[in-house]
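Subject: Structure handover

Hello,

I am passing this structure on to you. Please open it first, then read my notes beside it.

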Amino acid sequence: MHDDAGRGVWARVLMAAAAMAFAPPALAHHVMGGAMPVTAVQGLLSGLGHPILGIDHLAAVIAVGMLAARRDYGIVLAVSFVLAMIAGAAAHVAGTNVPAAEIFVAASLLALGVAVLALADIGIPAAFALFVGVGLIHGYALGESIAGAEVAPLYAYFVGLAIIQSIIALGALAAARWLTARAHSPVPLRLAGAAIIGVGLIALIADAARAAAG
């Protein structure tokens with residue numbers, strides 16, 4: 001019964017991921033419904049909601065927190081990811097062009113999922129490079145919705161983005177450490193890694209389908 005219930009939960013997670021991945025990008029990734037924020041409050045709300053509405057970005061932040069939980073300096077690593085994400089968003093706003101960015105987002109999510117599934121014991125330098133690289137990629141993708149905004153909503157967006165990413169990453173870090181200590185088993189983390197890989201695969205298929213159609 002418990003195995004059936006567990007499979008049911010992960011099936012619902014993947015179904016939700018599929019629905020979000022194949023939704024129009026503006027609706028899947030923008031709290032304003034595709035409209036550009038014009039006030040500081042709208043910018044803040046967009047920054048807070050944007051990563052949550054995009055399940056690929058949400059899964060990446062959770063994966064980062066889970067991987068950081070395995071290191072003594074996990075909090076520093078999680079913060080480095082958040083800062084890199086802000087830098088990536090700022091680069092997009094500044095006019096940097098990265099072709100097929102969504103493909104890189106999906107690929108980075110697959111890499112994170114595999115690392116979580118394998119319970120990879122990544123060294124500090126490698127983990128730092130991975131987190132910064134993934135942060136830049138996802139930040140660039142998130143920056144698309146705010147590029148061209150006025151100064152007030154733009155900076156408010158960055159503040160909201162930093163707040164929500166920090167909360168999710170550090171929350172996932174704490175949850176992973178608590179779950180590992182309580183369960184005395186790597187199975188829950190491996191299941192989470194498998195789900196993250198599933199989200200990455202769905203995102204990759206969706207991006208390839210959109211590219212072929214466009």
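Below is what I found, from the whole chain down to single residues.

Please keep in mind that this is a predicted model.

The overall picture

The chain has nine helices and zero strands. Read along the sequence, the pattern is α-α-α-α-α-α-α-α-α. The chain holds 214 residues, and 43% of them are buried. Take the contacts between residues at least 6 apart in sequence: 84% of these join residues at least 24 apart.

Helix α5

Start with α5, which covers residues 74-93. How does its span agree with 1.5 Å a residue? Its 20 residues should span 28 Å, and the end C-alpha atoms are 29 Å apart, so the two agree.

After α5 comes G95, with a positive phi near 110 degrees. The loop between α5 and α6 (101-117) also holds A100. Phi of A100 is near 55 degrees, which is positive although the residue is not glycine. For background, most residues other than glycine have a negative phi.

α5 against α7

Two packed helices are described by the angle and the distance between their axes. Helix α7 takes in residues 124-143. The axes of α5 and α7 come within 6 Å and cross at roughly 35 degrees. Their crossing is right-handed. Which classes of residue make this contact? There are 17 nonpolar and seven polar residues in the contact of α5 with α7, and no charged ones.

G139 is one to look at in α7. Is G139 buried or exposed? G139 counts as buried because its relative accessibility is 0%. Leaving out residues up to four places away in sequence, G139 touches M85, G88 and A89.

V105 lies in helix α6. V105 has a relative accessible area of 1%, so it is buried. Setting aside neighbours within four places in sequence, V105 is in contact with D56, H57, I137, H138 and A141. D56 is 49 residues away from V105 along the chain. The C-alpha atoms of V105 and D56 are 7.8 Å apart.

Helix α8 runs over residues 151-183, which is 33 residues. From first C-alpha to last it reaches 47 Å, close to the 48 Å expected at 1.5 Å a residue. H184 follows α8 and has a positive phi, near 55 degrees.

Helix α9 covers residues 187-213, and V187 is part of it. V187 counts as partly exposed because its relative accessibility is 46%; the cut-offs for that class are 20% and 50%. V187 and L117 are 70 residues apart along the chain. Their C-alpha atoms are separated by 9.0 Å.

Where to begin

I would start at the crossing of α5 and α7. Then go to G139 in α7, and on to V105 in α6.

Best wishes

Terms used: Residues are numbered from 1 along each chain as its sequence is written. This is a predicted model: local features need pLDDT of at least 70, side-chain atom pairs count only at pLDDT 80 or more; totals for chains, interfaces and linings use all residues. Side-chain values use heavy atoms; hydrogens and water are left out. Helices (H or I, at least four residues) and strands (E, at least two) are DSSP runs, numbered from the N terminus. The expected span of a helix is 1.5 Å times one less than its number of residues. Axes are lines fitted to C-alpha atoms, for helices over the stretch in contact, and angles run from 0 to 180 degrees between N-to-C directions. A crossing is left-handed if the near helix is turned anticlockwise from the far one by less than a right angle, and right-handed if clockwise. Ala, Val, Leu, Ile, Met, Phe, Trp, Tyr, Cys and Pro count as nonpolar, Asp, Glu, Lys and Arg as charged, and the others, Gly among them, as polar. Buried means under 20% relative accessible area, exposed over 50%, partly exposed in between (1.4 Å probe, protein chains only). Contact means heavy atoms within 4.5 Å.
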